Amino acid sequence: MPTGVFIHKKGRIPWNKKEKIKKICQKCGKIGGQLQVHHKNKSFSQLIQEVKINLPLLSLYESCMIYTPLWNIDNGTTLCLDCHKKTKDYLKGN
Ligand SMILES: [Zn+2]
(Lines give C-alpha, C1' and ligand atoms only; values in the text may rest on other atoms or scores of the structure.)
Protein backbone atom coordinates (compact mmCIF):
# COMPACT_ATOMS: atom_id res chain seq x y z
CA MET A 1 0.00 0.00 0.00
CA PRO A 2 1.30 3.44 -0.83
CA THR A 3 1.85 5.50 2.29
CA GLY A 4 2.31 8.92 0.75
CA VAL A 5 0.02 11.86 1.10
CA PHE A 6 -2.16 13.20 -1.65
CA ILE A 7 -1.02 16.74 -2.27
CA HIS A 8 -3.46 19.19 -3.67
CA LYS A 9 -2.70 22.87 -4.02
CA LYS A 10 -4.75 23.71 -0.96
CA GLY A 11 -3.51 21.01 1.36
CA ARG A 12 -2.43 17.48 2.04
CA ILE A 13 -4.85 14.63 2.46
CA PRO A 14 -3.70 11.33 3.94
CA TRP A 15 -4.38 8.43 1.61
CA ASN A 16 -6.63 6.68 4.11
CA LYS A 17 -9.10 9.56 3.96
CA LYS A 18 -9.26 9.54 0.18
CA GLU A 19 -9.31 5.87 -0.61
CA LYS A 20 -11.45 6.41 -3.68
CA ILE A 21 -8.74 8.42 -5.36
CA LYS A 22 -6.63 6.29 -7.59
CA LYS A 23 -3.14 5.98 -6.23
CA ILE A 24 -1.39 5.38 -9.48
CA CYS A 25 -0.16 7.97 -11.96
CA GLN A 26 -2.38 7.47 -14.99
CA LYS A 27 0.44 8.42 -17.31
CA CYS A 28 3.61 6.71 -16.18
CA GLY A 29 2.20 4.23 -13.65
CA LYS A 30 4.11 5.55 -10.66
CA ILE A 31 2.45 4.47 -7.40
CA GLY A 32 2.01 6.74 -4.40
CA GLY A 33 4.16 9.74 -3.70
CA GLN A 34 3.09 13.14 -4.92
CA LEU A 35 0.08 12.33 -7.03
CA GLN A 36 -2.18 15.18 -8.00
CA VAL A 37 -5.59 15.39 -9.60
CA HIS A 38 -5.48 16.83 -13.06
CA HIS A 39 -8.99 18.08 -13.79
CA LYS A 40 -10.07 17.51 -17.35
CA ASN A 41 -13.33 19.36 -17.57
CA LYS A 42 -13.15 22.16 -15.03
CA SER A 43 -10.11 24.01 -13.86
CA PHE A 44 -9.14 23.83 -10.23
CA SER A 45 -9.96 27.50 -9.78
CA GLN A 46 -13.45 26.95 -11.24
CA LEU A 47 -14.03 24.17 -8.73
CA ILE A 48 -12.78 26.36 -5.89
CA GLN A 49 -15.29 29.01 -6.93
CA GLU A 50 -18.02 26.36 -6.79
CA VAL A 51 -16.87 25.34 -3.32
CA LYS A 52 -17.13 28.93 -2.11
CA ILE A 53 -20.62 29.29 -3.60
CA ASN A 54 -21.97 25.97 -2.39
CA LEU A 55 -20.35 25.81 1.04
CA PRO A 56 -19.97 29.40 2.18
CA LEU A 57 -20.12 28.69 5.92
CA LEU A 58 -17.13 26.39 6.15
CA SER A 59 -13.49 27.25 5.84
CA LEU A 60 -12.16 26.77 2.35
CA TYR A 61 -10.06 23.82 3.47
CA GLU A 62 -13.00 22.04 5.12
CA SER A 63 -15.23 22.83 2.17
CA CYS A 64 -12.75 21.36 -0.25
CA MET A 65 -12.50 18.19 1.82
CA ILE A 66 -16.21 17.49 1.51
CA TYR A 67 -16.94 18.92 -1.92
CA THR A 68 -17.05 15.72 -3.92
CA PRO A 69 -16.74 17.18 -7.44
CA LEU A 70 -13.27 18.27 -6.43
CA TRP A 71 -12.35 14.65 -5.78
CA ASN A 72 -14.42 13.08 -8.51
CA ILE A 73 -11.90 11.25 -10.62
CA ASP A 74 -14.40 11.20 -13.47
CA ASN A 75 -13.66 14.88 -13.69
CA GLY A 76 -9.96 14.39 -13.52
CA THR A 77 -7.14 11.95 -13.56
CA THR A 78 -4.34 11.28 -11.13
CA LEU A 79 -0.89 12.23 -12.30
CA CYS A 80 2.41 12.29 -10.50
CA LEU A 81 3.97 15.68 -10.03
CA ASP A 82 6.36 15.22 -12.93
CA CYS A 83 3.65 14.22 -15.38
CA HIS A 84 1.32 16.91 -14.10
CA LYS A 85 3.94 19.57 -14.77
CA LYS A 86 4.08 18.39 -18.37
CA THR A 87 0.38 18.96 -18.98
CA LYS A 88 -0.49 22.11 -20.86
CA ASP A 89 -3.02 23.13 -18.21
CA TYR A 90 -0.70 22.90 -15.22
CA LEU A 91 0.46 26.50 -15.26
CA LYS A 92 -3.14 27.69 -15.52
CA GLY A 93 -3.78 26.19 -12.11
CA ASN A 94 -5.70 23.20 -13.35
ZN1 LIG B 1 3.70 10.09 -13.90
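What share of the 94 residues in the protein chain is buried? Buried residues come to 20% of the chain, where a residue is buried if 20 or more other C-beta atoms lie within 10 Å of its own, exposed if 12 or fewer, and partly exposed in between, with C-beta atoms placed from the backbone. The model is predicted, and local features need pLDDT of at least 70, side-chain atom pairs count only at pLDDT 80 or more, and totals for chains, interfaces and linings use all residues. Residues are numbered from 1 along each chain as its sequence is written.

Begin with the whole chain in cartoon view. The protein chain has four helices and four strands, which follow one another from the N terminus as β-β-β-α-α-α-β-α; these elements are DSSP runs numbered from the N terminus, helices being H or I of at least four residues and strands E of at least two. Of the contacts between residues at least 6 apart in sequence, 66% join residues at least 24 apart, a contact being a pair of residues whose C-beta atoms, placed from the backbone, lie within 7 Å.

Next, select Phe 44, Leu 47, Val 51, Cys 64, Met 65 and Leu 70, the six residues of the largest nonpolar core. Such a core is a set of buried Ala, Val, Leu, Ile, Met, Phe, Trp, Tyr and Cys residues joined through C-beta atoms within 7 Å. Two or more of its residues come from each of α1 (44–54) and α2 (60–66), and α1 gives the most, with three. Apart from this core lies another, of five residues, including Cys 25, Leu 35, Cys 80 and Cys 83.

Now select α1 and look down its axis. Its buried residues are Phe 44, Leu 47 and Val 51, and they line one face of the helix because they fall within an arc of 60°, taken over the directions from the helix axis to the C-beta atoms. An α-helix has 3.6 residues a turn, so residues three or four places apart point the same way. On the face turned away from the buried side are the exposed residues Gln 49 and Ile 53. The cover over the buried residues of α1 includes β3 (35–39), α2 and α3 (68–71).

Finally, move to Ser 63 in helix α2. Is Ser 63 buried, exposed or partly exposed? Ser 63 counts as partly exposed because it has 19 C-beta neighbours inside 10 Å. Beyond its neighbours within four places in sequence, Ser 63 is in contact with Val 51, Leu 55 and Leu 58.

Conventions
Contact = placed C-beta atoms within 7 Å.
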